[in-house]
Amino acid sequence: MTTRNLLRTCPLCEAVCGLEVTLDTEDHVVGVRGDRQDPFSRGFLCPKGASLGHLDEDPDRLTEPMIRDRATDTWRTASWTEAFDLIAARGPALTAAHGSQSAALYFGNPNAHTVAGALYLPALLRALGTRHLFSASTADQMPKQVASGLMFGDPLSVPVPDLDRTDYLLMLGANPLESNGSLCTAPDYPGRIKALRQRGGRFVVVDPRRTRTAKQADEHVFVRPGSDAYLLFGIVHTLFAEELTAVRVEVSGLDEIRAAAAPFTPEVVSGRTGVPAATVVRLARELAAAPTAAVYARIGTCTAEFGTITQWLVDVVNVLTGNLDSPGGAMWATPATLGIVRSRPFRLGRWTSRVRELPEAMGEFPVATLADEIETSGEGQIRMLVTVAGNPVLSAPNGARLDRVLPGLDFMVSVDRYLNETTRHADVILPPPRTLQSPHYDFALLAFAVHNYARYSRPLVPLDDRPSESEVLARLALALAGQQPEPGRSAMDSVDELVIAGMLHKAGMPERRGDLLGENTIEQRLDLMLRLGAYGEWNSAALPTPYGPLNLQVLLDNPHGIDLGPLRPRLPEVLRTASRTVDLAPEPLLADVARLTGRLSDAAPDVVLIGRRQLRSNNSWMHNVPTLVGGSNRCTLHVHPDDMSRLGLSERAVVKSAAGALTVAVEPNGDIMPGVVSLPHGWGHADTASQSVASAHAGVNANVLTDDSVIDVPSGNAVFNGVPVTLTPA
């Protein structure tokens with residue numbers, strides 16, 4: 001059989017691993033392996049990447065637009081012209097009758113992994129003209145972005161641990177050996193942790209479970225779910241009390257953070273966290289004494305009641321120990337492409353939601369209030385919803401409620417490869433093409449990389465007679481704005497030319513339009529972003545690279561990726577605070593400390609629920625791949641054997657919370673704290689969906705148990721960890 005090997009970046013998680021994909025003469029994937037010449041991933045491959053071909057050619061994925069007949073609740077295929085004509089007829093008429101705020105946009109996690117999601121969602125939001133923007137961010141990482149916005153003035157300026165040079169890594173609520181890392185782009189996390197320990201470094205994991213990551217650590221510390229902020233405040237208190245601070249960057253608010261930490265002595269926080277006071281003190285001393293150190297916390301701490309305070313304190317500790325913006329500490333990547341340049345300090349709550357008056361963050365409302373805005377009548381009620389690569393019925397808090405209210409919409413459009421638990425409520429589904437028919441550049445994820453790097457992949461498989469994913473989003477934007485593509489020009493080109501002209505005008509070089517390289521306007525936009533970026537040939541202050549000044553041709557000439565060097569100090573360059581210093585005591589976070597203090601004496605619930613990441617799963621959309629389902633990747637409730645005996649549980653249990661109840665298979669597991677149970681997210685697939693494998697391994701929707709009225713106050717993030725539940729035998 002004749003085959004060819006082509007290079008591609010894996011788009012299935014945040015690790016951005018280089019792949020070598022083997023295709024046959026009919027463009028079918030016959031093999032995937034890690035690209036050993038990639039300077040960042042060096043041949044690393046996880047089960048998800050190895051299964052890319054199965055996902056790419058899933059026989060259950062939609063290949064043509066689908067239109068639903070509401071009267072009979074049946075689906076039929078349609079042409080692209082008919083689908084866009086229907087949207088153009090219904091969407092603008094609805095917003096004309098009820099106002100632009102009657103429309104809403106929701107986009108899911110996969111958009112962070114696609115060129116189309118990065119480049120064309122802004123056009124879609126502008127077309128709708130609404131403030132009703134929701135995304136998976138407020139079910140995931142918004143606390144980190146709010147904390148970074150308030151401390152550094154830019155919510156996209158997120159420091160990451162300098163994994164390859166640190167001597168001490170303290171990790172809370174993260175399991176990168178399963179997740180491959182998050183807001184910390186690091187292919188081969190297992191290898192990097194192993195290297196840290198081999199060079200004599202120390203690795204400590206704080207988690208309610210002895211995860212796969214914790215088992216590789218020098219020390220694992222059990223902590224009660226949702227109490228990480230207390231632990232970190234205990235460390236901050238100790239650093240001040242024992243005069244262990246070594247602040248090496250310009251800061252404001254030092255006295256205020258000292259005062260805020262005063263009540264959180266190691267003895268006081270021990271009662272709330274379950275971590276012995278002596279351990280709290282020792283961790284503080286170790287962080288202060290290490291030659292270099294970094295604190296990193298992720299989704300387990302973000303999706304908790306005090307997520308933003310926790311993420312704030314992570315970087316407070318990094319500052320106090322002298323490890324912010326220093327090699328081996330917490331540093332900022334220098335991505336190759338020009339990103340959003342913020343001219344003003346980040347502000348939280350520029351407007352509020354209609355029903356619950358929740359503040360926006362980064363232009364988004366909490367997904368926890370999406371159902372409120374749909375079902376509450378009055379001016380500004382959401383009547384039309386557009387979803388792009390998202391399944392909030394499974395991923396949002398109280399997903400069962402959202403499932404009930406979506407049928408009340410007047411019109412719904414989904415861009416998705418599947419008929420799933422959310423898109424089954426749509427009137428029109430627009431499917432993107434195969435993954436390998438799209439180009440790939442990680443605009444978002446390379447901003448969080450632990451080593452500076454860039455790689456571009458052209459499509460491996462040509463498009464047939466269908467539109468590209470970028471064209472789908474661009475044409476959808478035009479349809480919702482009541483417009484048609486210009487004669488002889490695609491919708492994508494129309495959008496791109498406006499963006500390119502605006503960027504060139506802002507850069508003061510409109511005459512350079514003809515110099516841009518690329519086979520299409522997507523590549524020309526990438527070329528422009530590279531030329532204006534930190535290493536670019538049109539940047540007068542460009543950083544040097546071994547490849548010369550960057551443009552698209554440099555990436556095309558180096559298809560395995562380019563090594564742009566280790567992380568470098570970037571302060572005060574990245575700061576956008578009004579004071580141009582790191583703000584250790586932002587007012588909104590100091591105000592929320594009162595809420596934290598008020599919960600210090602609360603009695604711990606008898607049992608609380610936390611989530612669980614699994615290596616062969618990345619949210620709901622990978623459960624239709626046979627090679628990724630089964631074995632350890634199952635929807636079971638992990639319960640400590642002592643709790644099994646105490647509560648009289650056997651094979652199945654009824655789990656109840658304030659929001660709902662589930663009956664689920666029980667799996668005894670000694671790696672979880674007594675009083676804590678764990679259920680993975682992204683399951684609960686409906687048998688009415690088109691995903692045959694996922695439906696056959698349906699599992700239960702953990703978010704039936706999460707309460708959409710409970711959020712992390714500053715960021716609006718949903719609370720999935722530390723949910724009080726009761727367990728009884730089924």
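How much space lies in the largest cavity? About 90 Å³ of space lies there, where a cavity is a set of points, on a 1 Å grid over the protein atoms alone, at which a 1.4 Å probe fits but cannot get out, and a volume is the space filled by probe spheres set on the points, with grid points joined across faces, edges and corners.

## Basis of the report

This is a predicted model, in which local features need pLDDT of at least 70 and side-chain atom pairs count only at pLDDT 80 or more, while totals for chains, interfaces and linings use all residues. Residues are numbered from 1 along each chain as its sequence is written, and side-chain values use heavy atoms, with hydrogens and water left out.

## Cavities

A search of the whole structure finds 6 cavities of 30 Å³ or more. The largest cavity is lined by 16 residues (lining residues have an atom within 4 Å of a point), and Lys-144, Pro-159, Pro-161, Val-295 and Tyr-296 lie nearest its centre. Two or more lining residues come from each of β8 (160–161), β13 (294–297) and α13, with α13 giving the largest share, 4 residues. Helices (H or I, at least four residues) and strands (E, at least two) are DSSP runs, numbered from the N terminus.

By class, this lining divides into 10 nonpolar, 3 polar and 3 charged residues; Ala, Val, Leu, Ile, Met, Phe, Trp, Tyr, Cys and Pro count as nonpolar, Asp, Glu, Lys and Arg as charged, and the others, Gly among them, as polar. The second largest cavity has a volume of about 70 Å³, and its lining, which includes Cys-10, Cys-13, Cys-17, Cys-46 and Lys-48, has 9 nonpolar, 2 polar and 1 charged residues.

## Helix α5

Lys-144, one of the residues nearest the centre of the largest cavity, is also among the buried residues of α5. Helix α5 (residues 142–152) is mostly covered, with 11 of its 11 residues buried (under 20% relative accessible area, with a 1.4 Å probe and protein chains only). Its buried residues pack against α12 (299–302), α13 (307–320), β20 (582–583) and α21 (587–598), and the helix is followed by Gly-153, whose phi is positive, near 90 degrees.

## Asn-624

Asn-624 has its place in the loop between β21 (608–610) and β22 (637–639), and it counts as buried because its relative accessibility is 2%. Polar atoms of the Asn-624 side chain lie 3.3 Å from the backbone nitrogen of Ser-692 and 3.0 Å from that of Val-693. Not counting residues up to four places away in sequence, Asn-624 also touches other residues, including Asp-58, Asp-60 and Tyr-418, where contact means heavy atoms within 4.5 Å.

Terms used: Buried < 20%, exposed > 50% of the residue type's maximum accessible area, 1.4 Å probe, protein only. Polar contact = N/O pair within 3.5 Å; in protein donor to acceptor, adjacent residues only side chain to side chain. 1 Å grid on protein atoms, 1.4 Å probe; cavity = no way out; pocket = protein on both sides within 12 Å on 5 of 7 lines; lining within 4 Å.
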